[in-house]
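Let's take a friendly tour of one protein model. Have a look at the fold first, and then we'll go through a few of its parts.

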Amino acid sequence: MSEVKLFSGTNSIQLAEKIAKHYGKRLGDLTLSKFSDGEMSPSYNESIRGCTVFLIQTTNPTADNLLELCLMIDAAKRASAYKVCAVIPYYGYARQDRKDRPRVSIAAKLIANMLTSAGADRIMTCDLHAGQIQGFFDIPLDHLNGSAIFVPYLERLALDNMIFAAPDVGGVARARAYAKHFEVEMVVCDKHRKRANEIASMQVIGDVEGKDVILVDDLVDTAGTLCKAAQILMEKGATSVRAIATHGVLSGNAYQNLENSVLKELVITDTIPMSQSSSKIRVLSVADLFAKAIHAVTGNTSISALFI
């Protein structure tokens with residue numbers, strides 16, 4: 001078996017250190033130099049010849065971090081690494097996974113091509129915006145599920161009248177999976193958008209009277225959808241509304257929107273580092289989940305045990 005080495009990009013150092021600690025190894029020594037115009041040049045300060053290399057880099061903000069990851073992959077291949085696995089806790093551009101209107105890019109497929117062309121032998125990520133993105137890759141992809149993080153937390157809450165809600169029709173499958181696990185009902189918040197990040201209307205399909213509602217989503221960006229859904233659910237008679245979302249993108253007025261909302265709390269993971277703190281946000285770590293997945297990959301064992 002080849003030696004395993006873990007390295008981190010500049011945007012995921014805190015998470016990468018946690019993953020390395022859970023895995024039982026230190027992070028490898030890598031330097032990212034920059035020219036005065038911002039051009040990046042990564043270099044490995046230790047030999048990785050013949051090693052299985054895991055490069056941990058979340059791609060948010062997307063452009064620079066994605067390019068940095070591609071350069072890290074290319075440098076590792078040129079340094080004669082045996083295998084290169086890109087560990088991408090948050091896969092950027094995943095919301096552009098199809099042509100939903102004329103003359104637009106399918107960016108999620110383009111990024112898959114870029115990572116493969118850069119030399120990645122394997123991809124490891126968590127809660128893609130759409131499951132079909134797995135099919136955009138012609139190399140192995142390990143798609144981890146945030147439910148392994150959220151289910152234990154929700155079980156500790158021990159809510160008596162819990163019900164799950166999808167904040168939009170696209171999130172029905174996620175909400176249904178949680179509802180099935182806890183053997184409770186689910187509802188759907190059907191929304192209509194005028195344009196990206198702007199909701200025109202929303203209505204609730206289902207009964208939430210007297211229920212503790214858990215909104216389920218893969219990511220929260222401006223938090224407009226979650227806050228609007230929470231407001232409508234409370235107006236429909238819900239006792240409380242919480243939200244769980246794997247990726248806390250939290251851009252624009254997200255923090256202000258959350259603080260002014262009726263949400264009891266938003267539970268996210270550390271796939272993306274937070275830019276500021278909030279009294280309504282609780283962060284759970286995916287470090288142990290990724291460390292176990294890396295152990296499974298390097299030991300050629302199944303990762304099925306990591307799913308709930």
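## The sheet

Before we start counting strands, here's what pairing means: two strands pair if DSSP finds at least two bridges between them. This is a predicted model, and in it 5 strands form an open sheet in the order β1-β4-β5-β6-β7, with parallel pairing. At the edges sit β1 (4-8) and β7 (141-144), and each pairs on one side only. From one strand to the next, the twist averages 15°.

Let's zoom in on one pair. β1 and β4 (residues 52-56) run in the parallel sense over 5 bridges. Val-4, for instance, has Thr-52 in β4 as its bridge partner.

## Helices

Helix α8 (residues 287-298) lies across β1, β4, β5 (83-88), β6 (122-126) and β7, and runs at about 155° to β6.

Now for two helices that pack together: α2 (residues 62-78) and α3 (residues 107-118) meet at an angle of about 25°, and their axes are 8 Å apart. Angles under 35 degrees count as roughly parallel, so α2 and α3 are roughly parallel to each other. Among the residues making the contact are Leu-66 and Asp-74 of α2 and Ile-111 and Met-114 of α3. By class, this contact of α2 with α3 has 8 nonpolar, no polar and 2 charged residues.

## A threonine in a loop

Thr-271 belongs to the loop between β13 (265-269) and β14 (281-284). Is Thr-271 buried or exposed? Thr-271 counts as buried because its relative accessibility is 1%, and buried means under 20%.

What does its side chain do? The Thr-271 side chain makes a polar contact with the side chain of His-247 (2.9 Å). Thr-271 also touches other residues, including Leu-15, Thr-58 and Val-286.

Note on methods. Residues are numbered from 1 along each chain as its sequence is written. This is a predicted model: local features need pLDDT of at least 70, side-chain atom pairs count only at pLDDT 80 or more; totals for chains, interfaces and linings use all residues. Side-chain values use heavy atoms; hydrogens and water are left out. Helices (H or I, at least four residues) and strands (E, at least two) are DSSP runs, numbered from the N terminus. Buried means under 20% relative accessible area, exposed over 50%, partly exposed in between (1.4 Å probe, protein chains only). A polar contact is a pair of N or O atoms within 3.5 Å; within protein, one must be able to donate a hydrogen and the other to accept it, and residues adjacent in sequence count only if both atoms are side-chain atoms. Contact means heavy atoms within 4.5 Å. Axes are lines fitted to C-alpha atoms, for helices over the stretch in contact, and angles run from 0 to 180 degrees between N-to-C directions. Angles under 35 degrees count as roughly parallel, over 145 as roughly antiparallel, 65 to 115 as roughly perpendicular and the rest as oblique. Ala, Val, Leu, Ile, Met, Phe, Trp, Tyr, Cys and Pro count as nonpolar, Asp, Glu, Lys and Arg as charged, and the others, Gly among them, as polar. Lists of a residue's contacts leave out its neighbours within four places in sequence.
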